[in-house]
Number of protein chains: 2
Amino acid sequence: MRTSTLAIMSAVIGSVAVLAAADGHISDKQIAAGIKARQSQMQLYSFNLGVLGAMAKEETPYEATAANAAANNLMSLVSLSQAGYWLPGSDSDSVEGTRALPAIWAADSKVGEKGKDFFDAVTAMQAAAGTDLGALQAAMGAVGKSCGGCHESYRKPRE
Amino acid sequence: MRTSTLAIMSAVIGSVAVLAAADGHISDKQIAAGIKARQSQMQLYSFNLGVLGAMAKEETPYEATAANAAANNLMSLVSLSQAGYWLPGSDSDSVEGTRALPAIWAADSKVGEKGKDFFDAVTAMQAAAGTDLGALQAAMGAVGKSCGGCHESYRKPRE
């Protein structure tokens, strides 16, 4: 758990160091691959949150096994190393095809804290999802709030 | 490990049952979400394989920490529950935007075995990646072969 949290905290902040050590410079290909990877990861968050959200809203019947699998998937995803995802120069001012605002890379960026909020909400969801519908519903708010907490400040609104 | 293997084996084969139990029918929205999710997962395989492949080909310097992180990511990804990914009616004959051949869903489908091959290759890579460059290079062949083994039979060639 602790390792995972640190992995998230360092995923954004530490990516420059990781890449610089490996290559010395960052190519357009690396930028494009990182953007595609982080967007794919967001899609998988969305997919699993969709399963949990549909149950929380009682659009689909509550099923402990499926809820638990979705919550476990979220925990696995949030624990992935994101080295290479958030490269400097991969913001919405620098390249096409991303809504990641430059504020992510600013000195006063709170993305590490935001990532920690999401990790904590997913941890709580993992404990709750397989228990019963009420527990799942109670855990859903913090998950949604943590998604929004980052998107509001660090994702460019659609034009 | 055993649970993960079973999860993969059942991911394709068991998805019908999972969805049918939850909803009774499969909507176009579920089909589209499943396709997007499985393509996102393939992207994340590709991203992490790219890190390992570049080191194996000595295009980027070998770095044990980064190699290990990429291999661990692959293991986390291959262990995700894929329930909802491979829905009947989500093949390349039925819908646009997918290259997943109908043979995946055929009675004599070998996708479970192919998934097991990939899982085994990733397990070996996880043990090798952080050791040294030679070990990584030796483990790479089986990973590539297992990707190709499924793609050759079950992925429609690009037109």
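A salt bridge is a side-chain nitrogen of Lys or Arg within 4 Å of a carboxyl oxygen of Asp or Glu. The model used in these exercises is predicted.

**Exercise 1.** Work out how many salt bridges and how many polar contacts link chain B and chain A.

Solution. Step one: apply the salt-bridge rule across the interface of chain B and chain A; the count is zero. Step two: count the residue pairs in polar contact between chain B and chain A; there are two, both at pLDDT 80 or more.

**Exercise 2.** Describe the side of chain B that touches chain A.

Solution. Step one: count residues; the contact takes 24 from chain B and 24 from chain A. Step two: take the area; the two chains bury about 2000 Å² between them, with 65% of it on carbon and sulfur atoms. In chain B, the residues that lose the most area to chain A are B:Leu44, B:Phe47 and B:Leu80, together 27% of what that side buries. Step three: assign elements; α2 (15-23), α3 (28-56) and α4 (64-78) of chain B each give two or more residues to this side. The largest share, nine residues, comes from α3(B). Step four: sort by class; the side of chain B that touches chain A has 13 nonpolar, nine polar and two charged residues.

**Exercise 3.** Characterise the packing of α3(A) with α6(A).

Solution. Step one: the axes of α3 (residues 28-56) and α6 (residues 133-154) of chain A come within 10 Å and cross at roughly 145°. Step two: the crossing of α3(A) and α6(A) is left-handed. Step three: among the residues that meet are A:Met42 and A:Leu49 in α3(A), and A:Met140 and A:Cys147 in α6(A). Step four: this contact has 10 nonpolar, three polar and no charged residues.

Notes:
Residues numbered from 1 in each chain as written. Chains lettered and ligands numbered in written order. Predicted model: local features only at pLDDT ≥ 70, side-chain atom pairs only at ≥ 80, totals over all residues. Heavy atoms only, no water. Contact = heavy atoms within 4.5 Å. Buried area = accessible area lost by both parts, 1.4 Å probe. Polar contact = N/O pair within 3.5 Å; in protein donor to acceptor, adjacent residues only side chain to side chain. Helix = DSSP H or I, 4+ residues; strand = E, 2+ residues; numbered from the N terminus. Nonpolar A, V, L, I, M, F, W, Y, C, P; charged D, E, K, R; others polar. Axes fitted to C-alpha atoms, helices over the stretch in contact; angles between N-to-C directions. Left-handed = near helix turned anticlockwise from the far one by under 90°.
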